[in-house]
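Hi,

Here is the structure I promised to hand over. Have a look at it first, then read on.

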Amino acid sequence: MTKNIDWSAVRKDIASLLHQPEYDDGSAGPVLVRLAWHSAGTYDAESDTGGSNGAGMRYEAEGGDPANAGLQHARVFLEPIKSKYPDATYADLWTLAGVVAIKEMGGPEIKWQPGRTDYVDDSKLPPRGRLPDAAQGNDHLRNIFYRMGFNDQEIVALSGAHNLGRCHSDRSGFEGAWVNNPTRFSNTYFNLMLSRTWKEKVLKNGNKQFVYYDEDADEELMMLPTDLALLSDDKFRKWVETYAKDKNKFFEDFAAVFEKLMELGLVRDETGKVLNTDNVRGGYHS
Ligand code: CCH
């Protein structure tokens with residue numbers, strides 16, 4: 001059971017650490033959103049393993065997954081919050097930080113509930129390789145997201161998070177931002193995907209991405225192979241078109257699917273209390 005934590009105070013404190021003039025585009029927001037997503041996106045519905053419960057990324061087995069490179073920045077940003085609210089679990093703080101960051105960057109209000117534990121059961125640690133590989137295509141996206149329990153519409157809605165932030169050559173080996181205002185949540189990613197001519201570019205490390213030179217911003221924007229793969233499949237493409245046209249619909253659907261992502265693996269009673277904290281016994285607590 002969550003102790004008496006003033007979550008609205010925690011939200012305010014998270015909001016006030018987002019402004020980071022020395023970091024990336026001046027905001028910790030995008031990397032916090034990615035931390036929230038990677039903490040949850042390891043979920044496998046069939047074996048009921050992975051997910052945000054347990055905050056397993058604190059440990060090398062999960063934190064050292066190359067897919068999580070760079071997320072230590074996000075975790076470090078949140079340390080002062082953890083020190084101020086020691087009873088809040090990391091698993092709750094990481095997911096809440098993503099939700100607060102999205103809202104503060106102009107995105108939708110996403111429902112969020114506390115109650116996650118920081119206990120880790122070794123037998124439930126997700127193996128590496130559960131997070132998506134940007135070099136791949138639609139079959140891979142479906143394998144990864146169907147495994148978590150998402151459908152095609154939800155896959156496209158979730159991908160809209162790439163309105164935020166950027167790729168870093170020293171983290172993923174890709175480079176650049178998807179939009180020229182990457183700290184403002186919007187549906188621009190879908191509009192650009194459809195309306196610009198994307199040219200393949202091979203980076204020095206051999207990675208392939210797609211680029212478009214934006215003259216107004218004097219900046220090269222990018223798309224990952226998995227982003228553009230959404231256009232080559234009718235079932236995905238129709239949602240890209242819907243979200244490009246209808247920002248409200250995108251915000252609504254994104255809020256619902258991000259809430260679902262943050263809840264993967266949690267079982268709650270009707271009061272919202274998490275019931276499956278005792279199935280993660282035998283691990284460590286920090
Ligand atoms: Fe993502 N993402 N993501 N992504 N992502 C990257 C960055 C961000 C994929 C690959 C990458 C989602 C889905 C996918 C964010 C949110 C979400 C990067 C660059 C790669 C590569 C990392 C770096 O170099 O720092 C792939 C493949 C998929 C498949 O669907 C989903 C879902 C979400 C959230 C709902 C955010 C935010 C970033 C920016 C991070 C930053 O540091 O700026």
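This is a predicted model: local features need pLDDT of at least 70, side-chain atom pairs count only at pLDDT 80 or more; totals for chains, interfaces and linings use all residues.

Residues are numbered from 1 along each chain as its sequence is written, and side-chain values use heavy atoms, with hydrogens and water left out.

Let's start with helix α1, residues 7-17. (Helices are DSSP runs of H or I with at least four residues, strands are runs of E with at least two, and both are numbered from the N terminus.) Its buried residues are Trp7, Val10, Asp13, Ile14 and Leu17. They line one face of the helix, because seen down the axis of α1 they fall within an arc of 115 degrees, taken from the directions from the helix axis to the C-beta atoms. Buried means under 20% relative accessible area, exposed over 50%, and partly exposed in between, with a 1.4 Å probe and protein chains only. Lys12 and Ser16 are exposed, on the face turned away from the buried side. The buried residues of α1 pack against α2 (29-40), α4 (71-84) and α5 (90-104), with contact meaning heavy atoms within 4.5 Å.

Next, the largest pocket. A pocket is an open set of points on a 1 Å grid over the protein atoms alone, with protein on both sides within 12 Å along at least five of seven lines; lining residues have an atom within 4 Å of a point. The volume here is about 930 Å³, counted as the space filled by probe spheres set on the points, which are joined across faces, edges and corners. Of the 42 lining residues, Arg34, Trp37, His38, His162 and Leu224 are the closest to the centre. Helix α2 gives the largest share of the lining, six residues.

His162 turns up again at the iron atom of the ligand: its NE2, 2.1 Å away, is the single donor from the protein. Donors are N, O and S atoms within 2.8 Å of the metal (3.2 Å for Na, K and Ca), and water is not among the atoms, so sites may look incomplete. You'll find His162 in the loop between α7 (152-159) and β1 (166-167).

Is Asn248 buried or exposed? At 60% relative accessibility, Asn248 counts as exposed. Its C-alpha atom is 38 Å from that of Tyr59, 189 residues apart along the chain.

Cheers

Note on methods: On a 1 Å grid over the protein atoms alone, a cavity is a set of points where a 1.4 Å probe fits but cannot get out, and a pocket is an open set with protein on both sides within 12 Å along at least five of seven lines; lining residues have an atom within 4 Å of a point.
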